[in-house]
Amino acid sequence: MASTHGAEVLVASNRGPVSYEVREDGTLHARRGGGGLVSGLSAIGPDAGAVWVCAALSDADREAVRRSHGGRRLSVEATGGQHVRMLDIDATVFADAYNGIANSVLWFVHHMLYQTPLEPVFDAEFRRQWASYEAYNRAFAEALAEEAAPGAAVLVQDYHLTLVPGMLRELRPDVRIGHFSHTPWAPPEYFRMLPDDVAGQVLRGMLGADRLGFLTRRWADAFEACCAEFAGGLGGTRVGVHGLGADADFLRARAHRSDVAERMAALRDEIGPAADGSARKTIVRVDRTELSKNIVRGLLAYRQLLDDHPEWRERVVHVAFAYPSRQDLAVYRDYTAEVQRLADEINSGYGSPTWTPVVLHVKDDFARSLAAYRLADVALVNPIRDGMNLVAKEVPVVSDEGCVLVLSREAGAFAELGEDAIAVNPYDVIGTAQALHEALSVGPEERAERSKRLAAAATALPPAQWFLDQLHALTGESGAAG
Ligand code: F6P
């Protein structure tokens, strides 16, 4: 099965670096995705001939695959010339694997999101979906086996693809396999909720890799503890930690383009001035509307702040951007509705003709997110549990006058930023309100100093270096990190 002309470096992830939409005239339009992996892979340049294997996520993606001879080596301008192979996996199999298993089971396990009196229920429906997850992982393993040159390096991403390393190892014992988890990893006492055979399959699948990467030592330790308890240890697989940082050069340049300036002006209008004409303070949050992000408790904490410290009324605005995510899942739709309802309730209960306490936007707009970063006095990042949380790293880098970061101790980013942030227990709404008060009260000098240190820590490992470190560690080239 080995190809003599295959790629030397391959990346595999569910969501690829490009997505398509069908225009009214029937033509396909490609959109480049963002994120650390896209900028990381660009570090090796188009000449490296890397291949990115991903899934078709929409009907337009499937159409693009059909028009490109089965999606093989879809060469995409939007990815800077890198080759993309998009897999047109049967839509039902894909939905079972992505919505059913990856997002409703593995995501819930690693973020510890279950309301356990009623869920999870591992029944016949779960078993049917698990078979789809296996088939979906097999489709990736087979495509990678076909595309890889002898001895190639294959970098598999995330909880969608936990079985790929083991499957690929069987198909292609010659290739070097890395796997990187962008999520937390569950501690053994939570991970053991999975049926024993499924838990074993996930761990053995991952251990098919030569090397596994995690965002923090905490998640790596949790994985190792699961392996010690349920898989007889790591075998020969190495484990490393790579704390993905913010891309300072890109962010600073992008945040100073004219569309961002326009959005800053619009946001300033929405925020409005305080009664004495001074600028109102802003508490900014930007998230996908994701259960683990804890947006609802963030709003409750803000309301508590207005109760406990009425002196902030009319003088502060909570700028909350909650962008759509995983809307195929009812629990995400319900959560989105609750965020909207609570924001409305705070605005009608506390607002005045001259003051809207919560400015909530739900339509994804990257330029507007950067505008909010620049205006932020306080950044609120309070996830229940989060692999890293790049927003916590991005706001200090972009904010014009430095910001104070209120940060959950359960975010991976806390390991690097905790010292200069104000720490919160994400479940403690009163404590979070107090932290918001403290953050709003920090003087300009201390704020600028803290923000500078936060930005330095946040940019310690830019995406390009993050990617290269993993590649070198896998292939044993110099600069390798264990
Ligand atoms: O690891 C989490 C992750 O896969 C990230 O790569 C990304 O931020 C997020 O989840 C995106 O989720 P989805 O592809 O389901 O929108």
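A residue is counted as near a molecule or strand if one of its heavy atoms lies within 4 Å of it. By this criterion, the residues around the ligand are Arg15, Tyr98, Trp107, Asp158, Tyr159, His160, His182, Thr183, Arg288 and Arg326. The structure is a predicted model, in which local features need pLDDT of at least 70 and side-chain atom pairs count only at pLDDT 80 or more, while totals for chains, interfaces and linings use all residues. Residues are numbered from 1 along each chain as its sequence is written, and side-chain values use heavy atoms, with hydrogens and water left out.

A polar side-chain atom of Tyr98 lies 2.4 Å from an oxygen atom of the ligand. For Asp158, an N or O atom of the side chain is 2.8 Å from a ligand oxygen. For Arg326, the distance from a polar side-chain atom to an oxygen atom of the ligand is 2.9 Å.

The protein is divided into domain 1 (7-244 + 464-475) and domain 2 (248-458). These bounds come from an automatic or database domain assignment. Taken over C-alpha atoms, the domain centres are 30 Å apart. Domain 1 gives 23 residues to the contact and domain 2 gives 20 residues, where contact means heavy atoms within 4.5 Å.

The size of an interface is often given as the accessible area lost when the parts come together. Between domain 1 and domain 2 the buried area is about 1500 Å². This is the accessible area (1.4 Å probe) that two parts lose on being put together, summed over both. Carbon and sulfur atoms give 56% of the area.

Across the interface of the two domains there is one salt bridge, defined as a side-chain nitrogen of Lys or Arg within 4 Å of a carboxyl oxygen of Asp or Glu. Arg218 and Glu410 form a salt bridge through their side chains, at 2.7 Å from N to O. Helix α3 gives the largest share, eight residues. Helices (H or I, at least four residues) and strands (E, at least two) are DSSP runs, numbered from the N terminus.

In one of them, the side chains of Arg85 and Glu146 meet at 3.2 Å, N to O. This pair links distant parts of the chain. Arg85 is in strand β6 (residues 83-87) and Glu146 is in helix α4, 61 residues apart.

Two backbone features concern the loop between α3 and α4 (124-147). Most residues other than glycine have a negative phi, and most peptide bonds are trans. Met112, in this loop, is not a glycine but has a positive phi of about 55 degrees. Pro120 is also placed in the loop between α3 and α4 (124-147). A cis peptide bond joins Glu119 to Pro120, with omega about 0 degrees.

Conventions. A polar contact is a pair of N or O atoms within 3.5 Å; within protein, one must be able to donate a hydrogen and the other to accept it, and residues adjacent in sequence count only if both atoms are side-chain atoms.
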